[in-house]
Amino acid sequence: MATLLPLAGCGSESADQPNPVTLTTEDQCDVCGMVIPNHPGPSAEIFYAENRPSDHDNPARFDSTWEAFQYNFERLDRGWSVAGFYVTDYSSVEYSLSSSDGDTLISTHPEAEAFVDAESVTFVVGSAVKGAMGRDLIAFSDSGDAESFRDEHGGSLVEFGDVSRETIAQLRQA
């Protein structure tokens, strides 16, 4: 629980909170280096108050939500402060599911308007639906949408403050 306390308030509305940006084919994941819009699944962006993520301007960019949390836990350990944490909101986009090599994949939505404050969503964690880096945290701003997705594809429901290092470790191994 102590590791999550520095996240409190990172999504509260303020004049200092940056807006999400559209991720383009110029944007690579700050964990794995993959070009974000070229791969399926949820994306994420994290803006840091006084630091430059991975030696580039904000935001830090990710082709999976679990990689964003992993990266952020590491930065919080260094004393960094979050100015904004955004994830793809599957309640606000027309997403599609596809099959590849026996896996069910969810579409990616790298447009700025597809992102929502990560503190305001319900995540479906570990469903049968995968993204760029396998099983992930798929975010819905409407909790009813999250429940329906979970009922159809499995997984569990968690809120932002309940995502732990253990949650991320389990997804990395899935």
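**Entry 1**

I looked up D77 to begin with: D77 is exposed, with a relative accessible area of 54%. For this I took exposed as over 50% relative accessible area, buried as under 20% and partly exposed as in between, with a 1.4 Å probe and protein chains only. The model is a predicted one, where local features need pLDDT of at least 70, side-chain atom pairs count only at pLDDT 80 or more, and totals for chains, interfaces and linings use all residues. Residues are numbered from 1 along each chain as its sequence is written, and side-chain values use heavy atoms, with hydrogens and water left out.

I found D77 in a salt bridge with R165, with 2.6 Å between the closest N and O atoms. R165 belongs to helix α3 (residues 165-173) and D77 to helix α1 (residues 65-77), so the pair ties together parts that are 88 residues apart in sequence. R165 counts as partly exposed, at 30% relative accessibility. I noted the rule: a salt bridge is a side-chain nitrogen of Lys or Arg within 4 Å of a carboxyl oxygen of Asp or Glu. Helices (H or I, at least four residues) and strands (E, at least two) are DSSP runs, numbered from the N terminus.

**Entry 2: other salt bridges**

I got a count of six salt bridges by this rule. One of them joins the side chains of D57 and R52 at 2.7 Å, N to O. D57 counts as exposed at 51% relative accessibility, while R52 is partly exposed at 48%.

I also looked at D103 and K130, whose side chains meet in a salt bridge of 3.2 Å, N to O. D103 is in strand β5 and K130 in strand β7, 27 residues apart.

**Entry 3: helix α2**

Which residues of α2 are buried? I listed A146, F149 and H153 in this helix, which covers residues 143-153. They span an arc of only 65° around the axis, which puts them on the same side of α2; the arc is that of the directions from the helix axis to the C-beta atoms. The face turned away from the buried side carries the exposed residues D151 and E152. Just after α2, I noted that G154 has a positive phi of about 85°.

**Entry 4: the open sheet**

I traced four strands in an open sheet, in the order β2-β1-β3-β6, with antiparallel pairing. The edge strands β2 (60-62) and β6 (115-117) each pair on one side only. Two strands pair if DSSP finds at least two bridges between them. Three bridges join β1 (residues 44-48) to β2, and A44 stands opposite F62 in β2.
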